[in-house]
Amino acid sequence: MRLRSIRTTALAAGVLLLAAPGLAVAQDDGPTPTDIAVNSIWVVLGAILVLFMQAGFAMLEIGLSRMKNAGAVAGKIVINLSIALLMFWATGFALAFGDGSGISGEMGWFLNATDASADTNSLGLNSFMNAVGAYNIPVEAFFFFQVVFCAVSLAIVFGTMLDRTKFIGYVIFAVFFTGLIYPIVAHWTWGGGWLAKDGFLDFAGSSIVHLQGATAALVGTLILGPRIGKFRGGRAQPIPGHSIPIFILGVFILWVGWMGFNAGSTLGAVGLNFADIAVNTNLAAAAGVIGATIGSLFMFKTLDVSQMGNGAIAALVAITAPCAFVDPWAAVLIGLVAGVIVPPLVVLIDKIRVDDPVGAIPVHGVAGIWGTLAIGLFATEGRIGELGVSPGLLMGGTAQQLWVQFYGIVATIAFTGAASLIVFLLIKYTVGLRVSEQDELAGLDIAEHGMYGYPEQFIEVPGAFPEGARGMDLANLGVRTPSTD
Amino acid sequence: MKKIEAFIRHESFEEIRTRLSAMGLPSMSISEVKGSGRQGGYTESYRGAKATIFMRPKLKMEMVVNDADVDRAVDVVLELAHTGEPGDGKIFIIPVDDAVRVRTGERGDIVLAPHPEDAA
């Protein structure tokens, strides 16, 4: 059994562990088997919730794409989750969380703990991950939780690239993003790298997961160019998604999944107040919906349902970094601001002729920046004192933390932007990134996959409609109609 | 007085409508149709079973204009619907006996007169 003779390891400073006030942090005897079991249940449950967020992204993107591309979006999500799982296992996890330099990890390939340095404990966790610090969960639980985060970041990248990207383009980018790009940025903070040493804080990934995904998404849509018909005569044309109910289902699945994303990022349950984080997350999301609704009313004079949904996601993204470090009132404020800025940003992005079909750039990018900076404004002494950093500027602290947060953001955008640019250009000039104009007009379902997501909409399907329901001759069915009377 | 019936690609329609409207000929109807021709079909494949779909979606645009306007209206469609590939469509020109404006009861050419001053 793995659970015997666990050594005590002090909590490493600078990692994202939240100790609830008043509860003992390190026990002399180390965690009991019960502690480990309880922690593992929470972390694995959190990972399952985050895994299910893929369904949320699928529904959200399908809802906001056109009918002729619905099947292609679904296929893209399922292949990309699979690539993320395999690549993060092969190289990503080692680069992100293995011991190594301040830039990247260097051990733990294929989750193999046997290539480890001397320090091995029976949880397997510290065998190659000393810099990460101690969590009282098995290494597999830690891996499962981190790999689904990586898959979320990848899903965000492709939000701006709907309806015109080649399937092979998605596949190749996914391999590089999940196997190399995302893990390096994750290592800087969560793997004990240089940003962690500088005191950069990002509890659950406003910057690492969301801003990073959105940065690559921006590069991707710039290289692809807009969908045919998006900009005509110098003006952005609406290309409405085909199902607002499916979009909102996606929003709710993501919202629920976010309980695992944020509250699960305690990476343990015993002695940790994850319920507090869940409450902050929900308060922010609610405020985000209100904010986007008000924003939509001011900007468009209508109650745009797609903006309301985007407001929820923007707020969830924004509260992701500070959820453990701020008081509930600040969570509401952070969420409200994230929601209000969505409608004007959507208009602005249209104005500069960037095609972003789902709003990933404002919702994951700008809200991610806002959330990451918000730590430097609203973090309280009581919640981050143990991490040895200054409270937020508005909470009696200095601007020091705001500065660290700022250059952490700049570093993330610069690295991910440059790396994504290289990979996307590589794809563009080898196998090609964009489908032909003819294929785009026909729709990716039939052009790339040879099958429609909604076949009855486009082709004759044997027996698709109930006998007599379409084109039925009422007279022959013996139904009395005015003309037969 | 002629009816112009044009079978065109969906994506060419908006430009055609804009141009005709600016010329004072905004009165038209469109319908989604499916048709076959030289463009040929395409193959749908579902779990290994294949079916060729011969009827492709097209747009049918109909407008009735005075004889004096037929050529310039047709020229607009010809210019903007043309890609050079099979599947660009066809235009049919059909004689029409009379036209009646329901609102006023007027008959004849006056009903179809271009009105560029109203172009939006």
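This is a predicted model: local features need pLDDT of at least 70, side-chain atom pairs count only at pLDDT 80 or more; totals for chains, interfaces and linings use all residues.
Q: What does chain B come to in secondary structure?
A: Chain B has 2 helices and 6 strands. Along the sequence, the pattern is β-α-β-β-β-β-α-β.

Q: And the sheet, what's the strand order?
A: The order is 2-5-1-6 in chain B, an open sheet of 4 strands with antiparallel pairing.

Q: Which strands stand at the edges?
A: Strand 2 (29-35) and strand 6 (90-95) of chain B. Each has a single partner strand, so one side of each has no neighbour in the sheet.

Q: How much twist from one strand to the next?
A: The average is 25°.

Q: How many bridges join strand 1 to strand 5 in chain B?
A: There are 7 bridges between strand 1 (residues 2-8) and strand 5 (residues 56-65), and the two strands run antiparallel. Within that pairing, B:Lys2 is opposite B:Val65 of strand 5.

Q: Which helix packs on the sheet?
A: Helix 2 of chain B, residues 67-81. This helix touches strand 1, strand 5 and strand 6 of chain B, and its direction makes about 5° with that of strand 1.

Q: Switching topic. What's the radius of gyration of chain B, against a compact globule?
A: Chain B has 17 Å, whereas a compact globule of 120 residues would be near 14 Å. Along the principal axes, the C-alpha atoms of chain B fill a box of roughly 60 × 25 × 25 Å.

Q: What share of chain B is buried?
A: Buried residues are 17% of the 120 in chain B.

Q: And what share of its contacts is between residues 24 or more positions apart?
A: Of the contacts in chain B with a separation of 6 or more, 74% are between such residues.

Q: OK, cores. How many residues has the largest nonpolar one?
A: The largest nonpolar core has 151 residues. Among those with the most contacts inside it are A:Ala84, A:Ala284 and A:Ile334. Helix 3 of chain A (residues 139-157) gives the most to this core, with 16 residues.

Q: Which other core lies apart from that?
A: One of 14 residues, including B:Ile16, B:Met63, B:Val76 and B:Val77.

Q: Back to A:Ala284, what does it touch?
A: Leaving out residues up to four places away in sequence, the partners of A:Ala284 include A:Ala315, A:Leu316, A:Ala331 and A:Gly335.

Q: Last one: how many residues from each chain are in the contact?
A: Chain A puts in 8 residues and chain B 7 residues. On the chain A side, 6 are nonpolar, 2 are polar and none is charged.

Technical notes
Residues are numbered from 1 along each chain as its sequence is written. Chains are lettered from A and ligands numbered from 1 in the order in which they are written. Two residues are in contact if their C-beta atoms, placed from the backbone, lie within 7 Å. Ala, Val, Leu, Ile, Met, Phe, Trp, Tyr, Cys and Pro count as nonpolar, Asp, Glu, Lys and Arg as charged, and the others, Gly among them, as polar. A nonpolar core is a set of buried Ala, Val, Leu, Ile, Met, Phe, Trp, Tyr and Cys residues joined through C-beta atoms within 7 Å. A residue is buried if 20 or more other C-beta atoms lie within 10 Å of its own, exposed if 12 or fewer, and partly exposed in between; C-beta atoms are placed from the backbone. Two strands pair if DSSP finds at least two bridges between them. Axes are lines fitted to C-alpha atoms, for helices over the stretch in contact, and angles run from 0 to 180 degrees between N-to-C directions. The radius of gyration is taken over C-alpha atoms; the globule rule is 2.2 Å times the number of residues to the power 0.38.
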